[in-house]
Protein chains: 2
Amino acid sequence: MTTNTLLNPNHVVPLIRVYRDGLLHDTLPFWLPRAIDQEHGGYLTALGEDGTVLQTDKSVWFQGRFAWLLATLYNTVERRPEWLAASKHGIDFINRHCFDQDGRMFFLVTREGQPLRKRRYSFSEMFAIVALAAYGQAAGDKSAKQQALDLFRRVLKYQAEPKTNSTTRPMKGLVMPMILTVTAQEVRKATQEPLCTEVIDRCVVEIERDFLKSEFKCLLETVGPNGEFMDTFDGRTMIPGHAIEAGWFILEEARLRNNDPHLIRLGTTIIDWMMDWGWDREHGGILYYRDAKCLPCTEYWHDMKFWWPHNEAIIGTLLAYQLTGEPKYACWHQMVHDWAYAHFPDPLHGEWFGYLHRDGTVSTRLKGNVWKGPFHLPRMQWYCWQRLEEQMKASAKT
Amino acid sequence: MTTNTLLNPNHVVPLIRVYRDGLLHDTLPFWLPRAIDQEHGGYLTALGEDGTVLQTDKSVWFQGRFAWLLATLYNTVERRPEWLAASKHGIDFINRHCFDQDGRMFFLVTREGQPLRKRRYSFSEMFAIVALAAYGQAAGDKSAKQQALDLFRRVLKYQAEPKTNSTTRPMKGLVMPMILTVTAQEVRKATQEPLCTEVIDRCVVEIERDFLKSEFKCLLETVGPNGEFMDTFDGRTMIPGHAIEAGWFILEEARLRNNDPHLIRLGTTIIDWMMDWGWDREHGGILYYRDAKCLPCTEYWHDMKFWWPHNEAIIGTLLAYQLTGEPKYACWHQMVHDWAYAHFPDPLHGEWFGYLHRDGTVSTRLKGNVWKGPFHLPRMQWYCWQRLEEQMKASAKT
């Protein structure tokens, strides 16, 4: 893949083809129909490299994430009835089996839907919210949209509750304002609820005020309640791919707000700093963890290359280029894209491997587990395709 | 290091020197005195490669583990007052800061001893028990021995309580009968309490009956309540280094019971099977995780080489050789010893690196974190030295 530089207008069409055809002819056919559990409902996403089911336990995250993806494709690509039906398949399973009696959601259930594991974080809820919102829009189902909104309000309430486990050293994570931002963006698409924009405003302020640290030129993952730096393993930890994802959520908001200059500056600052921390100058690719004081990480797999930070960085650099026109983002986009496409795709069975050693060789060859499934890769393929097609249309007009 | 084959009697003395001098002149001086927190008590064990403190939060595991090591050296090597004082330093911190009001112990506390994290497992308790027992013996402190015994009885009660989180799919882990076995062995040394041997008998029966699977020729980590095999990521998971550790706990019991043939057979079967699963024929060293059906592991760092499985395998193969006289164990001992000593030691600052990539290169260079500290390496050096010296004395008699 050497034809991906955004600086050359002739390369946009072939690049669109890489993302679009990758999505429609490689990623989706890997998961459909085999992820659909016709017998018990929902999706089976713990698949081996050739699609063999490795375990039948169902990740609640992926019931929401895949239902969201399918409904989003229906909303934005083509109104294919099989996508809508497949999305409903996940929504139905979520509603039948994934909520506990206290209204919170499980994390892992058996194939039949019996609860196996519940976590105190509300990520299962977040992915269910975006699934319900996208599905509600796709199916014209008002009650699904309402359910998304109700659940979103409930999650906001959980977030506002004081945490019990943190009396000695209260702290907070970047992940929360990040995921609230993207969740609010999705709910807003379906409902136009003004609360969504309020939430996004609050989250962006919090990210900039509390997590962005000019003294380290980085976005931290964990800080004190008022953004205090903590000189511990946790407090020094950066996840460059995660921060870059936060960066593009903010750039997406800039795009939707008529290229808001403050949001562009914030999003590109995050991407600038975290590409610098994340890019492995020795082997290429994006390192998983870094320490803000360059001390050794406590996580022994800190230098592995995971698929998803590369998906997020491909999006982030593309969007940064589109919003600023700065050539360096086109170069970075090509750099990350080329490394990712040279190392992650499985040419034999399709889809991407998820977990590479630092040197780019494959560690575990599975395509799905509790953390990996039909989400980051197809979201990148879909989103980049959409943005590039828009760019092409815009330049055709001028 | 090519002089370590146990088959050559002339090599026993140099091998003793490797373990003894490594312990007394390399490992211990790395941790002492710098791990001693003179200001707030207890031990600081999150150290960088050169001994720099990476964070001051205190691992409760290591308060117990280091106190145990120091008291054990005092009991078995030499009655050095500084070892006894350093052991007491950890015991005092444990008693002042590491117990919650409900009698359970914390997992992580601040430098000053304020609680940061508590886990539902009782490993903090197990390490406190062995520390109290060894210290009680070293100091002739009856109340410490009694506290060890009381805490041991309390942990046994926790174990007997029904688990609340497992109604859909109850399961149990190898780790529990394993750690109860070694804890009981340590409490017995100090108290001669008959309950200890009863507990060991029960645990060994459970390991053999429920976790040893001849159909896979392996020792599993997680099974159903009656030893049922579960065809999930968890159920198929093996940790060869952990299983080999279980193997040598059983061989140690065989040794203490006048070379009990059933225990020798069980311990060596575990070591035979798990060395076969664990040894990396491509790069050498012991792989962290394997899947009993040879399916891909869900843990992305499954093929890393950690220090402690090598410590345990060096002990396990040595003990298997001493108890059976079979040359293959001497060969395996040499194989693991040579690979470990070629890759883990830090020639510049001493001690061992803990975390290597599959190919033997160092991942994170720290010497201590919440999981690594003064335990597996010095325990191996101490134990192997003791066993080899005993062997030499025995052969001198004949």
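Biologist: How much space lies in the second largest pocket?

Modeller: This is a predicted model, and the value is computed from its atoms. The space in the second largest pocket comes to about 1,000 Å³.

Biologist: Which residues lie nearest the centre of that second largest pocket, and which elements give two or more residues to its lining?

Modeller: The lining holds 48 residues, and those nearest the centre are His357(A), Arg358(A), Ser363(A), Asp303(B) and Arg358(B). The elements that contribute two or more residues are strand 9 (290-291) of chain A and strand 9 (290-291) of chain B.

Biologist: How do the residues of that lining divide into nonpolar, polar and charged?

Modeller: The lining of the second largest pocket has 15 nonpolar and 14 polar residues. The charged residues in this lining number 19.

Biologist: What span should helix 9 of chain A have, and how far apart are its end C-alpha atoms?

Modeller: Helix 9 of chain A covers residues 240-256, which is 17 residues.

Biologist: Is helix 9 of chain A largely enclosed or exposed, and which residue just after it takes a positive phi?

Modeller: Of the 17 residues of helix 9 of chain A, 15 are buried, so the helix is largely enclosed by the rest of the structure. Just after this helix, a positive phi of about 60° is taken by Asn258(A).

Biologist: How many salt bridges does the structure hold over all chains?

Modeller: Side chains of opposite charge can pair when their charged atoms come close. Over all chains, the number of salt bridges is 68.

Biologist: Which residue forms a salt bridge with Glu193(A), and what parts does the pair tie together?

Modeller: The partner is Arg153(A), with the closest N and O atoms 3.6 Å apart. Glu193(A) sits in the loop between helix 6 (175-191) and helix 7 (194-211) of chain A, whereas Arg153(A) is in helix 5 (residues 142-160) of chain A, so the pair ties together parts 40 residues apart in sequence. Glu193(A) is buried at 18% relative accessibility, while Arg153(A) is partly exposed at 37%. The residue asked for is Arg153(A).

Biologist: Which residue forms a salt bridge with Arg379(B), and is that partner buried or exposed?

Modeller: Arg379(B) lies in helix 13 (residues 376-397) of chain B and its partner in helix 9 (residues 240-256) of chain B, so the pair ties together parts 134 residues apart in sequence. The closest N and O atoms are 2.7 Å apart, and the partner is Glu245(B).

Biologist: How far apart are the closest N and O atoms of Asp276(A) and Arg281(A)?

Modeller: Asp276(A) is partly exposed at 47% relative accessibility, and Arg281(A) is exposed at 61%. The two form a salt bridge, and the distance between their closest N and O atoms is 2.6 Å.

Note on methods: Residues numbered from 1 in each chain as written. Chains lettered and ligands numbered in written order. Predicted model: local features only at pLDDT ≥ 70, side-chain atom pairs only at ≥ 80, totals over all residues. Heavy atoms only, no water. 1 Å grid on protein atoms, 1.4 Å probe; cavity = no way out; pocket = protein on both sides within 12 Å on 5 of 7 lines; lining within 4 Å. Points joined across faces, edges and corners; volume = space filled by probe spheres on them. Helix = DSSP H or I, 4+ residues; strand = E, 2+ residues; numbered from the N terminus. Nonpolar A, V, L, I, M, F, W, Y, C, P; charged D, E, K, R; others polar. Expected span 1.5 Å × (residues − 1). Buried < 20%, exposed > 50% of the residue type's maximum accessible area, 1.4 Å probe, protein only. Salt bridge = Lys/Arg side-chain N within 4 Å of Asp/Glu carboxyl O.
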